[in-house]
Amino acid sequence: MSEPGAGHPVTRGSQRQSMRERPEKPFFGPETPRLDPPERPAIKPWRSVAKAVSWRVVGTIDTLLLSFLLITYLGPIFGAPVATGDALETAGYIAITEVVTKFILYFLHERAWSLTGWGIVFRKDRHRETMRRTSIKTGLWRFIASLDTFALAWFFTGSVATAASIGGLEIFTKLVLYFFHERIWARLPFGLAEQDPQAKATG
């Protein structure tokens, strides 16, 4: 015969044990504030515009120099010698035209990436971009931009070989330039609006 209230401590103990039970680990790994921040910052369009402008300055200078050098030195090899003045003029046409085409392409590229939170982590009380995200963005943008450069160079020079040389060489120069451009911008808070959890809860 069981004593009165003998089961009571067992029930209380089981409640304490159930309260101390840890929740199951998520399927894709531990959820920590660093890896899975509660709220991702809103990226304002002006940040994308500023990045597009700063990159266009760097990219256009690179395209101008590459186009001038390759038109000047590859022209005679392909049987189409070009005077220095004409080479500079053609390189200028390519560089100026790509200011418009690549500005639009870069802005759309940035806005598309701003819609995804993949590769954004929370470190030192700030949201930062991982190296993997930067690398994927660099490769994708380089593919799009090199096709644009090839098309423009082909249009202005009339030579597929010269256009392919310009577009091919700039893959290497601009990969490096774009990567460091992204890493610099990844540390700038300009255009990032941190979401206020209290405002969101009351709103």
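Predicted model: local features only at pLDDT ≥ 70, side-chain atom pairs only at ≥ 80, totals over all residues.
Me: How do you know that the span of helix α4 agrees with its number of residues?

Reply: The expected span is 1.5 Å times one less than the number of residues. Helix α4 covers residues 131-157, which is 27 residues, so it should span 39 Å; the C-alpha atoms at its ends are 37 Å apart, and this agrees.

Me: Which elements do the buried residues of α4 pack against?

Reply: They pack against α2 (45-74), α3, β2 (120-123), β3 (126-129) and α5. Among these buried residues of α4 are R133, K137, W141, R142, D148 and L152.

Me: What makes S67 count as buried or exposed?

Reply: Buried means under 20% relative accessible area. S67 has 0% relative accessibility, so it counts as buried. The residue lies in helix α2. Leaving out residues up to four places away in sequence, S67 touches A91, I94 and I166.

Me: Why is R128 put in its accessibility class?

Reply: Its relative accessibility is 17%, and R128 therefore counts as buried, the cut-off being under 20%. R128 is part of strand β3. Beyond its neighbours within four places in sequence, R128 is in contact with G119, I120, V121, R123, A186 and R187.

Me: And P41, what makes it count as buried or exposed?

Reply: With 7% relative accessibility, P41 counts as buried because the limit is under 20%. P41 sits in the loop between α1 (7-20) and β1 (42-43). Its C-alpha atom is 9.4 Å from that of G191, although the two residues are 150 apart along the chain.

Me: Why are α2 and α5 described as they are, in terms of direction?

Reply: Two packed helices are described by the angle between their axes and the distance between the axes. The axes of α2 and α5 cross at roughly 150 degrees and come within 9 Å. Angles over 145 degrees count as roughly antiparallel, and α2 and α5 are therefore roughly antiparallel to each other. The crossing of α2 past α5 is right-handed. In this contact of α2 with α5, 12 residues are nonpolar, eight polar and six charged.

Me: Which residues make the contact between α3 and α5?

Reply: From α3 come I94, Y106, H109 and E110, and from α5 come I166, Y178, H181 and E182. Four of the residues in this contact are nonpolar, two polar and two charged.

Me: In what order do the elements of the whole protein run from the N terminus?

Reply: The order is α-β-α-α-β-β-α-α-β-α, with six helices and four strands. Of the 203 residues, 32% are buried. Among contacts between residues at least 6 apart in sequence, 80% join residues at least 24 apart.

How values were computed:
Residues numbered from 1 in each chain as written. Heavy atoms only, no water. Contact = heavy atoms within 4.5 Å. Helix = DSSP H or I, 4+ residues; strand = E, 2+ residues; numbered from the N terminus. Nonpolar A, V, L, I, M, F, W, Y, C, P; charged D, E, K, R; others polar. Buried < 20%, exposed > 50% of the residue type's maximum accessible area, 1.4 Å probe, protein only. Axes fitted to C-alpha atoms, helices over the stretch in contact; angles between N-to-C directions. Parallel < 35°, antiparallel > 145°, perpendicular 65-115°, else oblique. Left-handed = near helix turned anticlockwise from the far one by under 90°.
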